[in-house]
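Good morning, colleagues. Please take a moment to look at the chain on the screen before I walk through it.

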Amino acid sequence: MPKGIKFMDLNLSVMKICHAFVCLLLCTAFLVSPLSASAAGEYKNVKLPTEISLDIPSHWKILSIENRKNLQAAGTAMTKNAGVEESKGVKTSLLAVNAVPDPVGATIRVSITTRPEFTAAVLLAVTKTDLKDIEKLLLSEFQKLEKSGGPHIVSMTTPSVVMLSGHPALVIPYIRNNLSSSSEHWQVVQYRVPLPDRLVEITLSWRKTDEIIWKPILQHVLASLKI
């Protein structure tokens, strides 16, 4: 890491990253009744605010803005109850999509948060030791969150940094259980992309037992992302 840059200087301590991360975790844990998306081939391109676009399966279901707000409110309440410090920025859910048929087997979530708490340059400076520290801190905080009704984190892979649509992104992969069935596990991968004026967050999740179906679809979604 460059001289003068320390792990805490990255603003990646769990008390600062956990709120946004937890909200997205909860958005993938609570599956609500969505609205249907119109079919137009296997995939359709969706253009979101702030110059974000991606392909989604045209037959999957898009959650209404009301449902997205409910998910965000639930995440905020649970985070507060767990004693986790909230982000200083304003978080907005841009897209929430659930796979069909029911029961839902995969989800796509996209959100942005103003006042990003770390920059691309600083993110590129993190070391393997820093990433292991982030993993430990996140696991510690999620133990608190679970006591407030959050999902159980079965395991977490050490976060990493990758290039996504030309931008460095912090990748946080983990496996959680289904809130309604502790024996059902979900793979979740969150991508956090810091831009000068906002933090873009993309979360992809799928039921592990059907991974052979869902993972290739979500890989296509991620590959189509443009920021």
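Predicted model: local features only at pLDDT ≥ 70, side-chain atom pairs only at ≥ 80, totals over all residues.

How many helices and strands does the secondary structure of the protein chain come to? The answer is five helices and 11 strands. The average pLDDT of the protein chain is 81, and 76% of the residues score at least 70.

Next, the chain as a whole. Of its 227 residues, 52% are buried. Among contacts with a separation of 6 or more, 63% are between residues 24 or more positions apart. The accessible surface comes to about 10,300 Å², and carbon and sulfur atoms contribute 56% of that area.

Let me turn to helix α5, residues 211-224. Which residues of α5 are buried? They are Trp-214, Ile-217, Leu-218, Val-221, Leu-222 and Ser-224. Because these residues cover an arc of only 160 degrees around the axis, they sit on the same side of α5. On the face turned away from the buried side, α5 carries the exposed residues Ile-212 and Ala-223.

What do the buried residues of α5 pack against? Their partners are strands β2 (43-48), β3 (52-57), β6 (106-114), β8 (160-164), β10 (181-194) and β11 (198-207). Two of these strands, β10 and β11, hold the next residues I wish to show.

In strand β11 we find Glu-201. Is Glu-201 buried or exposed? With a relative accessible area of 0%, Glu-201 is buried. Its side chain makes a polar contact of 2.7 Å with the side chain of Lys-91, and another of 3.0 Å with that of Arg-192.

In strand β10 we find Val-193, which also counts as buried, at 0% relative accessibility. Leaving aside residues up to four places away in sequence, Val-193 touches Leu-164, His-167, Pro-168, Ala-169, Arg-198, Leu-199, Val-200, Ile-202 and Ile-227. The C-alpha atoms of Val-193 and Met-163 are separated by 9.1 Å, although the two residues are 30 residues apart along the chain.

The other helix I would like to discuss is α4, residues 128-147. It has 20 residues and reaches 30 Å from its first C-alpha to its last, close to the 28 Å expected at 1.5 Å a residue. Its buried residues are Asp-130, Leu-131, Ile-134, Glu-135, Leu-138, Glu-141, Phe-142 and Leu-145. Viewed down the axis of α4, the buried residues fall within an arc of 145 degrees, so they line one face of the helix. The face turned away from them carries the exposed residues Thr-129, Lys-136, Gln-143 and Lys-147. After α4 comes Gly-149, whose phi is positive, near 105 degrees.

I close with the backbone geometry of several loop residues. Where are the cis peptide bonds of this region? One runs from Val-100 to Pro-101, with omega near 0 degrees, and another runs from Asp-102 to Pro-103, with omega near -5 degrees. Pro-101 is placed in the loop between β5 (91-98) and β6, and Pro-103 is also in the loop between β5 and β6.

Arg-115 has a phi of about 55 degrees and lies in the loop between β6 and α3 (120-123). Arg-115 is exposed, with a relative accessible area of 56%. Ser-165 has a phi near 50 degrees and is found in the loop between β8 and β9 (167-178). At 29% relative accessibility, Ser-165 counts as partly exposed.

Thank you; I would be glad to take questions.

Methods: Residues numbered from 1 in each chain as written. Heavy atoms only, no water. Helix = DSSP H or I, 4+ residues; strand = E, 2+ residues; numbered from the N terminus. Buried < 20%, exposed > 50% of the residue type's maximum accessible area, 1.4 Å probe, protein only. Contact = heavy atoms within 4.5 Å. Areas by Shrake-Rupley, 256 points an atom, 1.4 Å probe, with all protein chains shown as cover. pLDDT = per-residue confidence, 0-100. Arc of directions from axis to C-beta. Polar contact = N/O pair within 3.5 Å; in protein donor to acceptor, adjacent residues only side chain to side chain. Expected span 1.5 Å × (residues − 1).
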